[in-house]
Amino acid sequence: MTTARSAREAAAVANPAAAARDIVLRQLTHSPKSRLQLRQKLIEREIPEDVADAVLDRFEEVKLIDDAEFAQMWVRSRSQYKSLARGALRRELAEKGIDPELAQQALEQVDDATERQQAIDLVRKKLRGSIGLGERSERDKYTRRWVAMLARKGFNPSMAFEVVGTVIDEYLQEA
């Protein structure tokens, strides 16, 4: 055990509220977090639950913790940079303890057209000139692969099959 960690643990025993504030501030320095994530970190660091809840309540009062804002930011970021569909984003927000109503409000940022375009872009990235999609068996193999990739990113299966079929048809017409 390191000396710094020993000192932190001793401080947590002596003044758990101060230790909890330090932990929360350190966690928020790295990246935004939901209240549940921060609470789990405090419990993991053996901060009493009543102290953890009191500290988190105070941080919410001063707007350093805001699950609604966190959800909005999370959806924007993960949709734009990871091309995740609403299904995957909804699951991620639930894992982070975001209330379903707040999650739904955040997910309204992503519309059907944007989601469809993201799916098309993902499949087009996977197309390579050396793929022999003219053969039925190859076309079926790549269709399964690409639909599975879209499913992992939270896209609706019927839309995934339709998008993959459309992109393959466009590719074969251009070839």
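A residue is described as buried under 20% relative accessible area, as exposed over 50%, and as partly exposed in between, with a 1.4 Å probe and protein chains only. The structure is a predicted model, in which local features need pLDDT of at least 70, side-chain atom pairs count only at pLDDT 80 or more, and totals for chains, interfaces and linings use all residues. Residues are numbered from 1 along each chain as its sequence is written, and side-chain values use heavy atoms, with hydrogens and water left out. Helices (H or I, at least four residues) and strands (E, at least two) are DSSP runs, numbered from the N terminus.

By this criterion, Arg35 is buried, at a relative accessible area of 17%. Leu38 and Leu42 are likewise buried in helix 3 (residues 35-44). These residues lie on the same side of helix 3, because they cover an arc of only 70 degrees around the axis, the arc being that of the directions from the helix axis to the C-beta atoms. Their cover includes helix 2 (16-30), helix 4 (49-61) and helix 5 (67-82), where contact means heavy atoms within 4.5 Å. After helix 3 comes Glu46, with a positive phi near 65 degrees.

The whole structure contains 16 salt bridges, each defined by a side-chain nitrogen of Lys or Arg within 4 Å of a carboxyl oxygen of Asp or Glu. One of them pairs Arg35 with Asp57, with 2.9 Å between the closest N and O atoms. This pair links distant parts of the chain, since Arg35 belongs to helix 3 and Asp57 to helix 4, 22 residues apart. Asp57 is partly exposed, at 36%. Glu44 is exposed at 54%, whereas Lys41 is partly exposed at 21%.

A further salt bridge connects Glu170 with Arg124, the closest N and O atoms again being 2.9 Å apart. Here the link runs from helix 10 to helix 8, across 46 residues of sequence. Glu170 is partly exposed at 30%, and Arg124 is partly exposed at 42%.

The largest nonpolar core has 21 residues, of which Val123, Leu133, Trp146, Leu150, Phe155, Val163 and Val164 touch the most other members. Helix 8, helix 9 (136-152) and helix 10 (157-174) each supply at least two residues of this core, and helix 10 gives the most, with seven. A nonpolar core is a set of buried Ala, Val, Leu, Ile, Met, Phe, Trp, Tyr and Cys residues joined through side-chain atoms within 4.5 Å. In soluble globular proteins, nonpolar side chains tend to be buried together.

Phe155 occupies the loop between helix 9 and helix 10 and is buried, at 3% relative accessibility. Beyond its neighbours within four places in sequence, Phe155 contacts Ser83, Ala85, Glu115, Gln118, Ala119, Leu122 and Leu150. Gln118, placed in helix 8 (residues 112-126), is buried at 10%. With residues up to four places away left out, Glu115 touches Ala85, Arg86, Val110, Phe155 and Met159. Under the corresponding exclusion, the contacts of Gln118 are Ser79, Gln80, Ser83, Leu84 and Phe155.
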